[in-house]
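Trainee: I would like to go through this structure and ask what stands behind the labels.

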Amino acid sequence: MPKTAARPVEAITVLPVQAPPPAGGRGRRRLADQSRAYAFLIGGLLCFALFSWYPAIRAVVIAFQKYTPGSGGEWVGTANFTRVFHDPEFTAAWRNTLTFTLLALLIGFAVPFVMALVLNELRHAKAFFRVVVYLPVMIPPVVSALLWKWFYDPGAGLANEALRFVHLPTSNWSNGADTALVSLVIVATWANLGGTVLIYLAALQSIPGELYEAAELDGANVWQRVRHVTIPQTRFIILMLMLLQIIATMQVFTEPFVITGGGPENATVTVLYLIYKYAFLYNDFGGACALSVMLLALLSTFSALYLRLTRSTGEEA
């Protein structure tokens, strides 16, 4: 029986065992990484403090002073609040702001939800319609307001031209005391529609399909499915957006400033626009800051509700 040739033994290369880096080296590297992270964090905090915290604290201080730029301020206590409170425009500004907020909730809150429901049911061209809906958000607010100002022109504006084309009576739109505020609500709704619709779409697509199938098997129609499935499943998102919309609409400024200038007859003067008038038209920075503190106190209430709700929801999750 022939002998098989012995296979040569392959040489095994033994790699030298590397000693672990000294503990001091790891500590120094970790300290360097943490130092870079804290450097970025401190830079962001400094910018935030300089452009957010300091102006807010400074405004609270000036609210109790008779302030003149360049010459400091004289402490006057609550005189600025008393003077602003007795201003006839004060009542009009708060009434217009609260009315604007209410109309924005009735119009600008329901329309995005309905549009999200429609887009969610589409089977074709979903991406195209999402881009179309989101397009107004990409237009700068001032440009959007100028476009709508031309659109509302009572003479050759597109709105009245469209009404004439279908043989309907025309309107004064933003030039009428009784229609100006509603016209601005339409502008604000159109300008902010896209972001709200996309948030609702994300919430709708997270609803399990089994719930809709079970509702259909029980004989539920479209409205019953929306009422008993869609709204309960998205109630948290609805409440969050409602609070955020209240906070945003109570700070409306661009539309009355660009389109109506606060008119006609102070019909569109809002609190933020009145703050602008006190500061840059009346040169009364104490009154402007007093109004700002009042608005801050009211918005802080809604912000606290928002934070409380998000915290409680996070703890439940």
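Mentor: Start with D284, which is buried at 17% relative accessibility. This is a predicted model, in which local features need pLDDT of at least 70, side-chain atom pairs count only at pLDDT 80 or more, and totals for chains, interfaces and linings use all residues. Residues are numbered from 1 along each chain as its sequence is written, and side-chain values use heavy atoms, with hydrogens and water left out.

Trainee: Why is D284 called buried?

Mentor: Buried means under 20% relative accessible area, exposed means over 50%, and partly exposed is in between (1.4 Å probe, protein chains only). D284 has 17%, so D284 counts as buried.

Trainee: What makes R83 and D284 a salt bridge?

Mentor: The term requires a side-chain nitrogen of Lys or Arg within 4 Å of a carboxyl oxygen of Asp or Glu. For R83 and D284 the N to O distance is 2.5 Å, a salt bridge. R83 lies in helix α2 (residues 79-85) and D284 in the loop between α14 (271-281) and α15 (285-316), so the pair ties together parts 201 residues apart in sequence. Helices here are DSSP runs (H or I, at least four residues), numbered from the N terminus.

Trainee: How do you know that the span of helix α3 agrees with its number of residues?

Mentor: The expected span is 1.5 Å times one less than the number of residues. Helix α3 (residues 88-107) has 20 residues and should therefore span 28 Å; its end C-alpha atoms are 29 Å apart, which agrees.

Trainee: Why is T230 called buried?

Mentor: T230 has 1% relative accessibility, so T230 counts as buried. T230 is in helix α11 (residues 222-233). Leaving aside neighbours within four places in sequence, T230 is in contact (heavy atoms within 4.5 Å) with residues including F113, L117 and L204.

Trainee: What makes Y38 exposed?

Mentor: Y38 has a relative accessible area of 52%, so Y38 is exposed. The place of Y38 is in helix α1.

Key
Helix = DSSP H or I, 4+ residues; strand = E, 2+ residues; numbered from the N terminus.
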